[in-house]
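Please brief me on this protein model.

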Amino acid sequence: MGAQWGDEGKAKIVDMLAADADVIIRWQGGCNAGHTVVSNGKTYKFHLVPSGILYKNKICIIGAGTVIYPVALETEINALIKEGISLKNLKIHPLASVTMPYHIEIDSISEDGITNETKIGTTKKGIGPTYADKFGRCGIKVQDLYDEEFLSKRLDSILPVKNVVLKEVYKTKTYTKEELTDYCKRAAKILKPYVCNDWQELYADIQKSGKRILFEGAQGVMLDIDWGTYPFVTSSSPIAGGAATGTGFGVQQINEVIGISKAYITRVGEGPFVTELDNLAGNRIRTIGQEFGTTTGRPRRCGWFDAVVARYAVQVSGLTSMAITKLDVFDAFDQIQLCTSYKDTRNGKIYNYYPTNVNTHQYLEPVYETFSGWNSNITAVKKFKDLPKDAQLYIKRIEELIGIPVSYVSVGPDREQTIIMKKCRI
Ligand code: IMP
């Protein structure tokens, strides 16, 4: 799971861990996520399909806690098929929620400020409105697409209210029942080969045969609907607890919780970000780290590693270890800074814990420790002891500040470019 604001390089770590798993389940989010895996020199981009699909014979499930925009999933699936990837092991949970066309429109209109809603900088994939309807109990689930009678009743109850809101609040087009029924028929056709109606048998078999499950998060702790920098968050639960509610596997089945952080931090969209760098160092991180959104292409905001955020992630997700990615981005830096706490510029108060009231963040400045860069290429290093001393010091200090071990250090995009410090049990 992501321990920052998403884009931590989760896909690479998930891909590596998937080698030891039998089942990979994505628990939340939708096509707002962009997961890039480089395998044997080839780049694959995922949004909703678990990247474990690159392995033969691993069951990959799009969990009940996700939201599915069928048109986007179709594009993703077709791209994978074109690359020769087999999707025979892809399963979609029938309790996942379906993004309707009006969810996409509402997301866009809200972001463009027409309704005076707070600009979040969303991916405009309809995520917030789909989750809002799910929790408002006026959403459509995947299983509803295959029950004509029930779907008709659902549309009859949803549509009159939705059309008033679309017309009067969002000043946009309304829908007829026929239009939405056609949309649902198309969605049903796209998803049908993958919908796992016998999921209870499958889960029983997974449990009985002791299969190893890898729960794959999207986004990150700081974008969590409950624990993130609200309202500048996504609308799902990227924290570890979400893995249980989003998949239907019990919490006691989770024995390791691996957070993933970059050696620095990035954020896309609006919201507070105490270590953000609006200077040359920030630009260098962006350019060298290729920090542009996989889903939207937006330039990411960049800043130094923030141990306050990392400790918060450890706390609210019960992380058992942290994977640090993209350490090689610092290969040509003379100096690296590491934020250990925040200082309130109004009264000098030091925060070692993350202040959850985002309004206070405008008054906070980072307290840094400065590290010497290593000025050498670490992309071929395989063992921690072979890293330059300054790189070792940096990682060791992170470990000390966050209070849990660093299990993996990634020094390049390929599967092989990973230093294993503590092999996690799947
Ligand atoms: P939404 O998930 O599209 O509603 O966007 C809400 C916030 O989460 C925005 O700040 C997005 O930029 C951010 N966000 C959503 N998905 C991702 C992701 O996969 N990586 C990083 N940020 C994301």
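**Briefing: a loop glycine and an open sheet**

Leaving out residues up to four places away in sequence, G52 touches A18, I24, K58 and C60; a contact means heavy atoms within 4.5 Å. This is a predicted model, where local features need pLDDT of at least 70, side-chain atom pairs count only at pLDDT 80 or more, and totals for chains, interfaces and linings use all residues. Residues are numbered from 1 along each chain as its sequence is written, and side-chain values use heavy atoms, without hydrogens and water.

**The loop residue**
- G52 sits in the loop between strand 3 (42-46) and strand 4 (59-62).
- Helices (H or I, at least four residues) and strands (E, at least two) are DSSP runs, numbered from the N terminus.
- G52 counts as buried because its relative accessibility is 0%.
- Buried means under 20% relative accessible area, exposed over 50%, and partly exposed in between (1.4 Å probe, protein chains only).
- In sequence, G52 and A18 are 34 residues apart, and their C-alpha atoms are 5.8 Å apart in space.

- Four strands form an open sheet in the order 10-13-17-18, with mixed pairing.
- Two strands pair if DSSP finds at least two bridges between them.
- Strand 10 (258-262) and strand 18 (418-420) are the edge strands, each pairing on one side only.
- From one strand to the next, the twist averages 20°.
- Axes are lines fitted to C-alpha atoms, for helices over the stretch in contact, and angles run from 0 to 180 degrees between N-to-C directions.

**Pairing and packing**
- Strand 10 and strand 13 (residues 321-325) run parallel, joined by five bridges.
- K262 has T325 in strand 13 as its bridge partner.
- Helix 1 (residues 10-18) packs on the sheet, touching strand 10, strand 13, strand 17 (406-410) and strand 18.
- The direction of helix 1 makes about 115° with that of strand 17.
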